[in-house]
Structures are given as C-alpha cells and as structure tokens.
Amino acid sequence: MNGSQVSTNCAERARAVVASATAAQVKLATAESLTAGMIAATLAEVPGASVVLTGGVISYANSVKTRVLGVEPGLLDTNGSVDGEVARQMAAGARTVCGADLAVSATGVAGPQAHDGKEVGTVFIGYATDTESGFTEHHFAGDRAQIRALSTLAALDALASHLLPSGRTA
C-alpha cells in the first residue's frame, strides 16, 4: 500500500469511526507514542469529531507513560516501551484520564534503528473499553513515515472493530 492509499484509507476509516461513535454517543481517546498525535489528528480532521473525541496523550517519554497514563514502571523496566501490555495499559490510562468510553494506543519502532530490542516496524496497538482491554501486534515494512501512517491506520481499525453496527462499544 503506497502513501496516498494509506492516507485515503486513514481518512475513510476516521470518517466511519466518528460517524459510528457519534451515533452511539461513544467518547473516544488516544494514547500515542510512535504516532505522536497522528491518530487524534486524523480523527480531528473529520467534521464533527469534537462531539466524540475527548482528548489524547502523546506519551513519547516513559515518564509520561507512567505519570500520566499509569503504565507500571516495572513493566517498562522489564519489557521496554515497545510491548503489548504497555500498549494495553496506555489505552486504559487514556480512557480514564480523558473520560472516554473507548481508547486506543500505539507504541512501536518507526526507525531508523531498533529500539528496546524490537525491530523496526514492530508496533503494538492497545485498546480499552469499560469492559475489556487488550492489544494487537503488527510488523510493518517501510520507512519511518510509512510505519507511522500504517500504525495510525491500524489504530483506526482497532477503534472501528470495537464499534458494533449499533455503534455501542463491546
């Protein structure tokens, strides 16, 4: 998928997420490390996003992950920041801090070098609702910009997958 296809897919997915969340009155939040605000910005491009997007936390530094999002410091010490459980805790923290019903997070390695023992392109997308939380692992190919864009699309996909046809979160 080339850059323009990813951008188009992100815009289309964001419109669908905002429409579904609006219909269901579901509030959304983000916690972003490698995407550094791209997920929230993509959602905010959609007219009417302010009805559902409560906020986002850019948690590039581990200190923000622990102090703002409540990620366990020991987990970061043991596993590093590029980890599925870290992503899950980031999403849960964003949901709480932003007062949202559904939150998504992204942490990973955009490159150009490996980080925390993880290869470039390794990305974890976390999610949290009031009843469940978890994460998915991805391995993207491309340069730094492509990996960040694909991570944004994966996060939007995670939001979409947790909005049922009725628009309520699972």
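1. A polar contact is taken here as a pair of N or O atoms within 3.5 Å, where within protein one must be able to donate a hydrogen and the other to accept it, and residues adjacent in sequence count only if both atoms are side-chain atoms. D143 caps the N-terminal end of α6, with a side-chain oxygen 3.2 Å from the backbone nitrogen of A145. Helices (H or I, at least four residues) and strands (E, at least two) are DSSP runs, numbered from the N terminus.

2. This is a predicted model, in which local features need pLDDT of at least 70 and side-chain atom pairs count only at pLDDT 80 or more, while totals for chains, interfaces and linings use all residues. Residues are numbered from 1 along each chain as its sequence is written, and side-chain values use heavy atoms, with hydrogens and water left out.

3. The peptide bond from G111 to P112 is cis, with omega near 15 degrees, and P112 lies in the loop between β3 and β4. D116 is found in the loop between β3 and β4 and has a positive phi of about 55 degrees although it is not a glycine.

4. A36, in the loop between β1 and α2, has a phi near 45 degrees, a positive value in a residue other than glycine.
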